[in-house]
Amino acid sequence: MKKSTEAWDQLIRKLIEDNVLHSKRIINAMKNVPRRLFLPERSIEYSTIDAPLPIGNGQTVSAPHMVAIMNEALKLETGHHVLEVGSGCGWHAATIGEIIAPKDTPRPGRGHIYTVEIVKDLAKLARENIMRNGFGDRVTVIHGDGSLGYTERSAYDRILVTAAAPDVPPPLVNQLKIGGFLVIPIGSIHMFQTLIRITKDVDGNLKKENLGGVAFVPLTGSFGHKV
Ligand code: SAM
């Protein structure tokens with residue numbers, strides 16, 4: 001355990017040195033929520049390697065550097081109301097829960113993240129991981145098609161999609177607050193994908209920024225790839 005804590009801290013230090021991680025509250029959250037706590041038994045020994053890892057059902061949990069890049073790009077703050085599309089094992093959502101609703105924040109000022117997963121078994125896995133690790137008061141896992149968003153709790157300050165879409169799903173843009181950020185990988189299945197950050201201004205105009213090349217599993221569902 002001590003060895004894996006040291007290896008995790010070392011990985012976080014490397015992400016800081018490489019300027020991938022720079023915000024104090026995001027660094028603290030990534031330190032406090034190690035990936036191993038959310039992994040299936042067979043992947044635990046690889047938890048501190050900076051690469052995606054299998055979580056079952058042919059899906060993966062993202063690499064730590066990618067979670068760091070997305071969390072920084074979202075400019076997350078305490079109190080934010082967030083939607084994640086693609087819960088996987090629940091680790092990324094838990095890191096966001098730790099940023100937007102730190103334990104010492106008074107309840108009215110605390111944020112919440114709703115995370116939607118289309119694969120029933122993974123939604124169950126994510127929910128169990130979230131509950132077992134004490135995030136049930138700040139992270140809610142929903143089984144469903146996240147390409148449609150989650151209207152029940154919209155609008156959101158921040159939306160992230162952790163699977164690559166052929167294009168930006170219109171329901172996600174509709175469910176984003178004015179001044180909010182949507183971070184989403186766009187591209188074909190398994191290659192030529194770009195991480196995009198979309199900002200919605202007061203007139204509802206969208207600004208798109210290209211944050212670089214990425215490789216994600218495909219988004220499925222109504223506005224996803226036909227796989
Ligand atoms: N954020 C995850 C974590 O912390 O483990 C990793 C996400 S994994 C790279 C992408 C996930 O998106 C997969 O679990 C996949 O089943 C899910 N997914 C794909 N299309 C979806 C959709 N339309 N709605 C919800 N989840 C979807």
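**Group meeting: a ligand and its pocket**

Hi everyone, let me begin with the lining of the largest pocket: its residues split into 20 nonpolar, 14 polar and three charged. Before I go on, please keep in mind that this is a predicted model.

So what does this pocket look like in numbers? The largest pocket holds about 580 Å³ of space. Its lining counts 37 residues, and those closest to the centre are Gln59, Thr60, Thr162, Ala163 and Val217. If you want to follow along by secondary structure, β2, α3 (64–73), β3, α4 and β4 each bring at least two residues to that lining.

Which of them gives the most to the shell? That would be β2, with three residues.

Let's stay with the shell for a moment. There are 27 residues around the ligand, and His92, Glu117, Asp145, Gly146 and Thr220 are the closest. By type, the shell has 12 nonpolar, 12 polar and three charged residues.

Glutamate 84 places a polar side-chain atom 3.1 Å from a ligand nitrogen. For aspartate 145, a polar side-chain atom sits 2.9 Å from a nitrogen atom of the ligand. Glycine 146 takes part through its backbone, with a polar atom there 2.8 Å from a ligand nitrogen. And how much of the ligand does the protein bury? On its own the ligand exposes 600 Å², and the protein buries 99% of that.

To finish, two backbone details to look at on your screens. In general, most residues other than glycine have a negative phi, and most peptide bonds are trans. Here, the peptide bond from serine 154 to alanine 155 is cis, with omega near 10°. You will find alanine 155 in the loop between β5 (139–143) and β6 (156–161). The other detail is asparagine 19, which is not a glycine and yet has a positive phi of about 65°. Asparagine 19 lies in the loop that runs between α1 (2–17) and α2 (24–32).

Notes
Residues numbered from 1 in each chain as written. Predicted model: local features only at pLDDT ≥ 70, side-chain atom pairs only at ≥ 80, totals over all residues. Heavy atoms only, no water. Near = heavy atom within 4 Å. Polar contact = N/O pair within 3.5 Å; in protein donor to acceptor, adjacent residues only side chain to side chain. Areas by Shrake-Rupley, 256 points an atom, 1.4 Å probe, with all protein chains shown as cover. Helix = DSSP H or I, 4+ residues; strand = E, 2+ residues; numbered from the N terminus. Nonpolar A, V, L, I, M, F, W, Y, C, P; charged D, E, K, R; others polar. 1 Å grid on protein atoms, 1.4 Å probe; cavity = no way out; pocket = protein on both sides within 12 Å on 5 of 7 lines; lining within 4 Å. Points joined across faces, edges and corners; volume = space filled by probe spheres on them.
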